[in-house]
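This report describes selected features of a predicted model. The sequence and structure come first, followed by notes grouped by topic.

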Amino acid sequence: MTGRLSRRAATLVALLVVALFLLPWVAGHYPVYLAMQILILAVFSLGFNLLFGYTGLLSFGQAGFFAVGAYGCAKILLAVPNLLLGILGGVAAAGVAALLLGILSVRHTRIYFSMLTLAFGMMIFSIAWKWRDYTGGDDGLVGVPRAPLEIPGVFTVSVAALDRYYYVVLVLSLVAIYVMHRLVHSPLGLTLQAIRDSEVRAEFAGVPVRKYRLAAFTIAGLYAGLAGALLPPLENTVTPPIAHWSTSAEPVLATLMGGIHAFSGPIVGAFLFLVIKDVIFRFTEYWLIWFGVIVVALVLGFPGGVMSIFEKRARAAPRDEEPA
Amino acid sequence: MTDLLATQGLSKRFGDFVAMNGVTLGLPAGRLTAIIGPNGAGKTTFINLATGAHLPDTGTVFFKGEAITRLAVHRRIRKGLSRSFQIMNIFAQLSVLENMLVPVLARHGRAGIPSHRIERESAAIAEARALLREIGLSGEERLRAGALSHGDQRLLELGIAVAPAPELCFLDEPSSGLTPVERARVLDLIRRFSAERRTTFVIVEHDMDVVFSLAQWIVVMNRGQVLAEGPPAEIRENRAVREVYLGELA
């Protein structure tokens with residue numbers, strides 16, 4: 001029940017955060033770029049796991065909200081070069097899309113929910129592909145600026161350099177991770193887990209199940225939107241494949257690799273997913289085959305995800321504090 | 001006695017099968033009622049229709065005089081209804097304490113708070129722990145509920161059912177699969193909750209020892225209809241009941 005970290009885990013997290021802040025000082029451009037990709041996928045996967053691991057809803061359409069966040073941010077940045085406005089606009093657009101599609105989706109569960117989200121995700125992909133006037137069609141939106149971070153009249157900070165933009169991604173990702181940690185250890189987090197275990201029992205315990213499912217779906221959409229909104233300033237472009245179902249599969253795989261029942265599972269999974277992919281890509285053009293083999297081996301070898309090992313150890317070890 | 005829950009002409013079909021056929025029944029406050037009948041008589045269907053798990057084809061359900069026929073389940077719970085299930089239904093991955101916290105938080109309207117750690121819900125935690133003490137599971141509060149023995153899971157389910165502080169609680173076969181010792185514990189708890197919390201219990205049960213030792217009033221159902229109702233002594237002597245149901249046991 002307790003969401004407090006043990007002293008050892010807190011020290012490890014603190015060291016990791018310090019290392020991430022020092023990264024641009026000690027590493028070249030590529031590791032910094034890779035770290036940003038990992039952080040973006042970690043945020044995307046955390047939102048996905050709120051739905052899957054905590055609420056019991058497997059969505060195959062999260063790439064749709066990722067794309068809404070990315071296109072929303074890119075459109076704003078192309079019109080008004082203000083990074084804060086772009087990111088907030090992208091997140092808000094994804095949140096609204098998730099709320100609207102969630103109203104239709106959360107009426108169903110299991111495979112019906114998964115198929116509905118897949119269909120909605122692919123609808124967004126089609127819109128990105130076909131609505132050329134707004135989305136640029138298959139060319140996408142190009143020349144998205146890495147606009148300055150500013151509140152007019154208060155401050156302006158240029159983040160045009162990759163190293164500077166890295167700090168924007170890092171800080172926003174850490175805030176998103178902290179907020180999610182609070183959320184899953186809150187009464188809402190417990191209620192969502194109860195719905196995952198037995199929606200009927202939860203309803204008969206007085207929980208308005210559909211309302212809370214919609215809340216989880218919208219929050220997951222906001223996280224997908226944030227991850228998507230961080231992408232255009234990094235890549236300077238947005239193209240339709242980010243809305244494709246294969247992009248939805250990335251947080252699914254990352255979360256399965258890291259572990260659905262550990263809070264840190266999606267974060268560790270995002271790291272494993274992108275590092276393994278990056279390493280294999282260097283050695284063979286048939287990287288997908290080898291990547292597939294490794295993913296299968298990891299999922300079979302660690303059925304609860306890599307982090308399940310540490311979860312089991314933590315459960316076996318006596319706790320150093322009583323819950324209140 | 002004023003009826004706490006009443007049904008009027010309640011009917012339900014599943015395809016060609018008539019599960020409930022125009023049932024009109026009153027369940028007064030403070031009277032421990034048992035619903036009995038052979039398999040397929042409509043006992044669980046009656047609970048499902050009364051608590052909102054299924055909607056009736058025709059008929060009306062009244063709770064405290066108000067029609068609640070189409071009311072959402074969670075709203076019925078807030079009005080004072082509750083139930084347990086024939087097939088075990090607990091939050092298996094959550095701890096025993098968390099199982100109890102879910103209905104307590106929902107009752108206090110605090111189940112959706114996203115901003116602070118659950119440890120800060122000290123009033124709800126204290127209430128959940130008090131309930132665990134009452135049902136005798138306080139020593140297991142950290143254990144995953146799915147790891148409890150069958151008997152302890154039944155106790156936990158009873159705890160979850162009374163945690164919303166219901167005025168009327170349906171228990172669907174509360175003693176099924178229990179050893180005699182566990183069954184005695186469950187029956188004792190039902191009596192205690194009935195007396196101390198002023199919860200009116202309605203049980204569906206196949207075990208006639210349980211029914212006749214616990215119930216103050218018995219409703220006999222057969223083929224989706226009420227065959228007879230009355231005090232246990234009267235039901236025991238009812239010829240029609242003996243023929244269709246009790247006679248089967250002889």
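## A helix of chain A

Helix H2 of chain A covers residues 29–54, which is 26 residues. From its first C-alpha to its last it reaches 36 Å, close to the 38 Å expected at 1.5 Å a residue.

Of the 26 residues of H2(A), 20 are buried, so the helix is largely enclosed by the rest of the structure. The burial criterion here is 20 or more other C-beta atoms within 10 Å of the residue's own. Just after H2(A), A:Gly56 has a positive phi of about 80 degrees.

## Overall form of chain B

Chain B contains 9 helices and 10 strands. Its radius of gyration is 18 Å, close to the 18 Å that the globule rule gives for 250 residues, so chain B is as compact as a globular protein of that length. Along the principal axes, its C-alpha atoms fill a box of roughly 60 × 40 × 35 Å.

Buried residues account for 44% of the 250 residues in chain B. Among contacts in chain B with a separation of 6 or more, 66% are between residues 24 or more positions apart.

## Strand pairing in chain B

Strand S1 (residues 3–14) and strand S4 (residues 58–63) of chain B run antiparallel and are joined by 5 bridges. Within this part of the chain, B:Thr7 has B:Val61 of S4(B) as its bridge partner.

S4(B) is also joined to strand S5 (residues 66–67) of chain B, again antiparallel, by 2 bridges. Here B:Phe63 has B:Glu66 of S5(B) as its bridge partner. S4(B) and S5(B) form a hairpin with 2 residues between them. In the turn of this hairpin, B:Lys64 has a positive phi of about 50 degrees.

## The contact between the chains

In the contact between the two chains, 36 residues of chain B meet 27 residues of chain A. Four elements of chain B each supply at least two residues of the side that touches chain A: helix H2 (73–79), strand S6 (81–83), helix H3 (96–107) and helix H4 (122–135). Which element gives the largest share of that side? It is H3(B), with 8 residues.

By class, the side of chain B that touches chain A consists of 19 nonpolar, 9 polar and 8 charged residues.

Definitions and conventions: Residues are numbered from 1 along each chain as its sequence is written. Chains are lettered from A and ligands numbered from 1 in the order in which they are written. This is a predicted model: local features need pLDDT of at least 70, side-chain atom pairs count only at pLDDT 80 or more; totals for chains, interfaces and linings use all residues. Two residues are in contact if their C-beta atoms, placed from the backbone, lie within 7 Å. Ala, Val, Leu, Ile, Met, Phe, Trp, Tyr, Cys and Pro count as nonpolar, Asp, Glu, Lys and Arg as charged, and the others, Gly among them, as polar. The radius of gyration is taken over C-alpha atoms; the globule rule is 2.2 Å times the number of residues to the power 0.38. A residue is buried if 20 or more other C-beta atoms lie within 10 Å of its own, exposed if 12 or fewer, and partly exposed in between; C-beta atoms are placed from the backbone. The expected span of a helix is 1.5 Å times one less than its number of residues. Two strands pair if DSSP finds at least two bridges between them.
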